[in-house]
Amino acid sequence: MKVKEFFGKLASKFVLLNLAAMAIVVVLLMVGVKFGLEAYTRHGEGIEVPALKGMTYHKARLMLEEKGLTIVVSDSGYNKQMPAESILVQTPGPGTKVKEGHAIYVTVNSPSSPSFAIPDIVDNSSVREAEARLMAMGFKLSEPQMVTGEKDWVYGIICRGRRVSNGDRIPIDYPLTLMVGSGMYEDEDDATYEESSYSADEESGEADTFVEITEPGPANE
């Protein structure tokens, strides 16, 4: 077959019609897939997430269910200025467009303040280190109470008039007072001692026991 005849058959009406039909089918498939995906995902449609902060959990759940959304408690926190069981934080935020059935994650205010264990700071750290660790945990500290001992060394912790120890769980809103060494010690010269009346032999348990013997006097006649 000559080259001229090959290109002549390739350019025939039958071949051109087949190629055009294939192209149309490909285009239709692409358009169908595009509209099908948009219909499946509801492209351009969405439900606006309402603002839930400060709202009680029960009220927030009812509101979201009316909109076709769900609510999930992801964490709890504590804010004494807000009512118990109220919403502190929400994700996604208010105004976000989401699909029907989407879950809204919330942080709920705890009815009581959380408690944390006192770290290993008593008789094991300086006042600066203890203050840094306690404040990082969220505790509030009052003015330190100075006690006899090594300067700036922590000898104890007082909470509401009671001395607490390492590992004790204390509510985060209870103020703590550190017992800190003043660097002053008791004057040993002022100490009084009782003089010892025992001998070395008595201390060793080897003291001899003496009995006083008196000579008889002349017999009375």
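Among the elements covering the buried residues of helix H4 are strand E8 (154-159) and strand E11 (176-181), where helices (H or I, at least four residues) and strands (E, at least two) are DSSP runs numbered from the N terminus. This is a predicted model, in which local features need pLDDT of at least 70 and side-chain atom pairs count only at pLDDT 80 or more, while totals for chains, interfaces and linings use all residues. Residues are numbered from 1 along each chain as its sequence is written, and side-chain values use heavy atoms, with hydrogens and water left out.

In H4, which spans residues 127-137, the buried residues are Val127, Ala130 and Leu134; buried means under 20% relative accessible area, exposed over 50%, and partly exposed in between (1.4 Å probe, protein chains only). Viewed down the axis of H4, these buried residues fall within an arc of 65°, so they line one face of the helix, the arc being that of the directions from the helix axis to the C-beta atoms. Arg128, Met135 and Ala136 are exposed on the other side of H4, and the helix is followed by Gly138, with a positive phi near 110°.

In the chain as a whole, the secondary structure comes to 5 helices and 11 strands, and buried residues make up 23% of the 221 residues. Of the contacts (heavy atoms within 4.5 Å) with a separation of 6 or more, 69% are accounted for by residues 24 or more positions apart.
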